[in-house]
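Please look at the sequence and the fold below. Then follow the chain from its sheet to its annotated residues.

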Amino acid sequence: MAYYMDQAIACAKQAAALDEVPIGAIIVDHGQIIVQAFNHRELDQSATAHAEILAIQQACAAKGSWRLTGMDLFVTLEPCVMCAGAIINSRLDSVYFGAYDPKAGAAGSVVDVFSLEKLNHHPQVIGGVAQAKTGALLTEFFREIRRQKKLRAKASNSAQNEL
């Protein structure tokens with residue numbers, strides 16, 4: 001499990017290098033990583049370009065089916081409601097996620113979509129996998145964004161004061 005989450009973390013770092021929120025996802029089929037993805041929301045200017053959605057799309061294309069039974073998803077952040085719905089609809093067997101998301105998490109933090117009894121599929125969900133690593137990656141990313149924002153504001157104020 002640690003190996004797979006480390007691979008998802010490597011994907012998340014690729015996202016961060018492109019100024020995307022560092023969320024990475026991989027899908028594993030019988031022990032083999034078949035796809036890797038990371039957030040593309042800024043790159044694609046698409047609200048749906050989450051790492052999980054992109055990984056599911058790639059896995060469906062690779063398998064030639066929308067049913068991903070027998071496969072597992074590893075993602076660095078707790079899935080949101082949209083991604084939880086895609087996970088359920090794609091019939092993934094298991095979801096392993098890193099950091100919990102207290103603002104948008106749909107695996108128990110805000111709501112638990114996976115436990116809704118009336119839904120027709122219930123993957124196994126295990127949260128907190130490599131939570132310290134995945135949480136630190138996100139914390140550092142947003143800390144740097146805030147730092148850059150303060151620097152820009154300070155530079156702007158200095159320029160206005162010189163006028």
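The paragraphs below go through the sheet, the cores, the annotated residues and a loop. The model is predicted.

Strands of a sheet pair through backbone hydrogen bonds, in either the parallel or the antiparallel sense. Strand 1 and strand 2 take the antiparallel sense, over six bridges. They form a hairpin with two residues between them. In that turn, histidine 30 has a positive phi of about 50°. Strand 3 (residues 71-77) and strand 4 (residues 94-99) are parallel instead, with five bridges. There, leucine 77 stands opposite alanine 99 of strand 4.

A helix covers part of this sheet.

Next comes the nonpolar interior. In soluble globular proteins, nonpolar side chains tend to be buried together. Here the largest nonpolar core has 33 residues. Those with the most contacts inside this core are Ile27, Ile56, Leu68, Leu73, Ile87 and Leu92. Strand 1, strand 2, helix 3, strand 3, helix 4 and strand 4 each supply at least two of its residues. Helix 3 gives the most, with seven residues.

Which residues does isoleucine 87 contact, leaving aside neighbours within four places in sequence? The list is Ile56, Leu73, Pro79, Leu92, Val95, Phe114, His121 and Pro123.

Now turn to the annotations. An unreviewed UniProt entry gives "domain: CMP/dCMP-type deaminase" for residues 1-111. Over that range the chain is 39% helix and 23% strand. The C-alpha atoms at its ends are 25 Å apart.

The UniProt annotation "binding site", also from an unreviewed entry, covers His50, Cys80 and Cys83. These residues are spread over 34 residues of sequence, yet they cluster in space, with a largest C-alpha distance of 9.3 Å. Of the three, His50 and Cys80 are included in the lining of the largest pocket.

Take the two cysteines in turn. Cysteine 80 sits in the loop between strand 3 and helix 4 (81-90). Its relative accessible area is 16%, so it counts as buried, the cut-off being under 20%. Not counting residues up to four places away in sequence, cysteine 80 touches His50, Glu52, Ala104 and Ala106. Cysteine 83 belongs to helix 4. Cysteine 83 is buried, with a relative accessible area of 0%. Beyond four places in sequence, cysteine 83 is in contact with His50, Glu52 and Ile53.

Glu52 is in both contact lists. What does the record say about Glu52? The UniProt annotation "active site" (unreviewed entry) covers this residue. Glutamate 52 is in helix 3. Is glutamate 52 buried or exposed? It is buried, because its relative accessible area is 3%. Leaving aside neighbours within four places in sequence, glutamate 52 is in contact with Ile23, Ala25, Leu73, Val75, Leu77, Pro79, Cys80 and Cys83.

Finish in a loop. Valine 111 lies between strand 4 and strand 5. Valine 111 is partly exposed, with a relative accessible area of 35%. Valine 81 is 30 residues away from valine 111 in sequence, and their C-alpha atoms are 8.2 Å apart. Not counting residues up to four places away in sequence, valine 111 touches Val81, Gly105 and Ala106. Ala106 is also touched by cysteine 80.

Definitions and conventions. Residues are numbered from 1 along each chain as its sequence is written. This is a predicted model: local features need pLDDT of at least 70, side-chain atom pairs count only at pLDDT 80 or more; totals for chains, interfaces and linings use all residues. Side-chain values use heavy atoms; hydrogens and water are left out. Two strands pair if DSSP finds at least two bridges between them. Helices (H or I, at least four residues) and strands (E, at least two) are DSSP runs, numbered from the N terminus. UniProt positions are given in the numbering used here, feature names are shortened, and annotations may be inferred rather than shown by experiment. On a 1 Å grid over the protein atoms alone, a cavity is a set of points where a 1.4 Å probe fits but cannot get out, and a pocket is an open set with protein on both sides within 12 Å along at least five of seven lines; lining residues have an atom within 4 Å of a point. Buried means under 20% relative accessible area, exposed over 50%, partly exposed in between (1.4 Å probe, protein chains only). Contact means heavy atoms within 4.5 Å. A nonpolar core is a set of buried Ala, Val, Leu, Ile, Met, Phe, Trp, Tyr and Cys residues joined through side-chain atoms within 4.5 Å.
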